[in-house]
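Reader: I have a sequence and a model on my screen. Show me how to read the features, please.

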Amino acid sequence: MAALLAGCGFRLRGAAQFPFRSIAVTGVPGVAAELRRALRGQGDLKVLANTDPVTEAEAVCELSDEARTSAILSTNSTGQARDLSISLQISYRLRTKDGRELIPKTPLSLSRDISYNENTVLAKEAEQNFLYRDMMQDMAQQLVRRLAAAKPPAAS
């Protein structure tokens with residue numbers, strides 16, 4: 001089995017390699033906290049706390065423009081909502097501490113579809129909150145991979 005896996009090029013992802021040694025994450029509180037937590041598990045990368053001065057980091061990830069939306073996907077025969085689509089959007093930007101852009105402002109969006117029943121409003125609200133938390137964790141993992149793929153700044 002090991003020979004088959006080795007022959008196909010499979011290997012575990014492992015810790016990401018970043019073109020910087022320290023990073024500060026600013027902006028949207030929920031996603032920023034998840035991103036800091038996800039980055040702390042990535043090898044030798046130093047992640048500054050949100051109380052540390054941003055100038056101490058080699059790179060700064062700025063999160064902005066958080067938007068949570070929901071839309072009705074389908075209705076029942078009486079016109080009441082049956083399925084919803086909820087989405088979470090943010091924009092992020094990665095720059096060096098001296099202002100050189102490594103990743104320009106880029107939008108990132110996730111969505112989930114859920115069933116809805118007006119008789120269980122509180123349960124469905126709790127489910128939506130759980131799904132938003134799950135989307136923030138998923139978004140943080142996507143951001144880790146995108147930050148690791150950033151090109152190092154050109155030498156000046």
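**Reading the fold**

Author: Strands β3 and β4 pair in the antiparallel sense, over 14 bridges. Strands count as paired if DSSP finds at least two bridges between them. The model is predicted: local features need pLDDT of at least 70, side-chain atom pairs count only at pLDDT 80 or more, and totals for chains, interfaces and linings use all residues. Residues are numbered from 1 along each chain as its sequence is written, and side-chain values use heavy atoms, with hydrogens and water left out.

Reader: How many helices and strands does the protein chain have?

Author: The protein chain has 3 helices and 5 strands. Both are DSSP runs, numbered from the N terminus: helices are H or I with at least four residues, strands are E with at least two. Along the sequence the pattern reads α-β-α-β-β-β-β-α.

Reader: In what order do the strands of the sheet stand?

Author: Strands of a sheet pair through backbone hydrogen bonds, either parallel or antiparallel. Here the sheet is open, with mixed pairing, and the order is β2-β1-β3-β4-β5. β2 and β5 (101-115) stand at the edges with a single partner strand each, so one side of each lacks a neighbour in the sheet. β1 and β3 run parallel, joined by 5 bridges. Thr-26 stands opposite Glu-62 in β3.

Reader: Which residues face each other across β4 and its neighbours?

Author: Leu-63 has Tyr-92 in β4 as its bridge partner. On to the next pair: β4 and β5 are antiparallel, with 12 bridges. There Arg-95 stands opposite Glu-101 in β5.

Reader: Which residue takes a positive phi in the hairpin of β3 and β4?

Author: Gly-79, near 85 degrees; that hairpin has 5 residues between the strands. In the hairpin of β4 and β5, with 4 residues between the strands, Gly-99 takes a positive phi near 100 degrees.

Reader: Now the helices. Which way do the residues of a helix point?

Author: An α-helix has 3.6 residues a turn, so residues three or four places apart point the same way. In α3, the buried residues include Lys-124, Gln-128, Leu-131 and Met-135. Buried means under 20% relative accessible area, exposed over 50%, and partly exposed in between, with a 1.4 Å probe and protein chains only. In α2 (residues 29-40), Val-31, Leu-35 and Leu-39 are among the buried ones.

Reader: What covers the buried residues of α3?

Author: The cover includes β1, α2, β3, β4 and β5. For α2, the cover includes β1 (22-27), β2 (46-47), β3 (59-75), β4 (81-96) and α3 (121-148). Contact means heavy atoms within 4.5 Å. β4 is mostly covered too, with 12 of its 16 residues buried.

Reader: What span should α3 have?

Author: The expected span is 1.5 Å times one less than the number of residues. The 28 residues of α3 should span 40 Å, and the end C-alpha atoms are 41 Å apart, which agrees.

Reader: And how do I read an aromatic pair?

Author: Use the distance of the centres and the angle of the planes. Rings of Phe, Tyr and Trp (its six-membered ring) pair if their centres lie within 6.5 Å; planes under 30 degrees apart are stacked, over 60 edge-to-face, and the rest tilted. The count here comes to 1 aromatic pair. Phe-18 and Phe-20 form that tilted pair, 5.5 Å centre to centre, with 35 degrees between the planes. Phe-18 is buried at 15% relative accessible area, and Phe-20 is buried at 6%.
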